[in-house]
Amino acid sequence: MTTRSRPTVDPVVDWPMIDTVLLDMDGTLLDKYFDDYFWEHYVPQVFAEKHGMDHEQSRNTLLQRYRAVESTLQWTDLDFWSEQLDLDIPALKRSIDHLVAVHPYVIDFLDFLKQHEKTTCLVTAAHDKTLQIKLAKTELGPRFDRIVCAGEIGLPKENPSFWQRLQETLGFHRSQTLLADDTASVLQAARQHGIEHLVFVAKPSSRSPVRHSADFLSITTFNELMR
């Protein structure tokens, strides 16, 4: 559940209690405008041209197909969509990779975590080919102690069992771990597993309004946590 109202709790973290920080990528560290534009406009445009369709008809058709696999590993699987749509999805992503952008204060925050000796892990639903494209366009990769894709775990992040498997992989302590994500259902799953410190990113796209969560500590940019 999200709301436009201001959060009722100031986004202050008791950093001495945290030893591990788990960070989502798309919408959390990176501007989700790239993904929204790619899937909702660019792919429908290419698909329409390939099949001689009206753009709006193409967009509606593809949005229905996307929704059918939301919250599954297939949704972010570029090989799956390349096969389903008969398009080279990785090549299409690379053709507009100039739109990949890091959110404000993200680099500052990652440097802050390193300065305070926190174990910092990127935990993303992105396909490994998407990850390679985006890390090549940013300076994020070397700042992480570990990078884990959902495909490596074998479950979507919305599944509470994902977090159990991730804990077994990384060895973090639930009471000393902070997770930041822009998807409420992911944070709910992590909460069910017992991860104690949860942060909702309320402005995943530079083109979307701020929408604070009624259920989780919310931030607009990561400088709000560096207090």
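Contact is taken here to mean heavy atoms within 4.5 Å. Helices (H or I, at least four residues) and strands (E, at least two) are DSSP runs, numbered from the N terminus. The model is a predicted one, in which local features need pLDDT of at least 70 and side-chain atom pairs count only at pLDDT 80 or more, while totals for chains, interfaces and linings use all residues. Residues are numbered from 1 along each chain as its sequence is written, and side-chain values use heavy atoms, with hydrogens and water left out.

Helix H3 is described through its buried residues, where buried means under 20% relative accessible area, exposed over 50% and partly exposed in between (1.4 Å probe, protein chains only). Leu78, Phe80, Trp81, Ser82 and Leu85 of H3 are buried. These buried residues pack against helix H1 (33-51), H2, helix H4 (89-95) and helix H6 (128-136). The N-terminal end of H3 is capped by aspartate 77, of which a side-chain oxygen lies 2.9 Å from the backbone nitrogen of aspartate 79. Such a polar contact is a pair of N or O atoms within 3.5 Å; within protein, one must be able to donate a hydrogen and the other to accept it, and residues adjacent in sequence count only if both atoms are side-chain atoms. Just after H3, aspartate 86 adopts a positive phi of about 55°.

Two packed helices are described by the angle between their axes and the distance between the axes. Axes are lines fitted to C-alpha atoms, for helices over the stretch in contact, and angles run from 0 to 180 degrees between N-to-C directions. Angles under 35 degrees count as roughly parallel, over 145 as roughly antiparallel, 65 to 115 as roughly perpendicular and the rest as oblique. For H1 and H3, the axes come within 12 Å and cross at roughly 30°, so H1 is roughly parallel to H3. Trp39, Val43, Phe47 and Lys50 of H1 form this contact with Leu78, Trp81 and Leu85 of H3. By class, the H1 and H3 contact residues divide into six nonpolar, no polar and one charged. In this classification Ala, Val, Leu, Ile, Met, Phe, Trp, Tyr, Cys and Pro count as nonpolar, Asp, Glu, Lys and Arg as charged, and the others, Gly among them, as polar.

The axes of helix H2 (residues 55-67) and helix H3 (residues 78-85) come within 13 Å and cross at roughly 135°; H2 and H3 are therefore oblique to each other. The crossing of H2 and H3 is right-handed. A crossing is left-handed if the near helix is turned anticlockwise from the far one by less than a right angle, and right-handed if clockwise. Leu62, Arg65 and Tyr66 in H2 meet Trp81, Gln84 and Leu85 in H3. The contact of H2 with H3 comprises four nonpolar, one polar and one charged residues.

The loop between H2 and H3 holds tryptophan 75, which is partly exposed, with a relative accessible area of 25%. Leaving aside neighbours within four places in sequence, tryptophan 75 is in contact with Trp39, Tyr66, Val69, Glu70 and Trp81. Serine 71 is also placed in the loop between H2 and H3. Although not a glycine, serine 71 has a positive phi of about 65°, and its relative accessible area of 40% makes it partly exposed.

A further helix pair is formed by helix H8 (residues 160-170) and helix H9 (residues 184-193), whose axes come within 7 Å and cross at roughly 60°. H8 is therefore oblique to H9, and the crossing of H8 and H9 is right-handed. Pro160, Trp163, Gln164 and Gln167 in H8 meet Val186, Ala189, Ala190, Gln192 and His193 in H9. The contact of H8 with H9 has five nonpolar, four polar and no charged residues.

Threonine 124 is located in strand S3 (residues 119-124) and counts as buried at 1% relative accessibility. The side chain of threonine 124 reaches the backbone nitrogen of alanine 126 at 2.9 Å. Apart from neighbours within four places in sequence, the contacts of threonine 124 are Asp24, Met25, Leu131, Val148, Cys149, Ala150 and Lys157.
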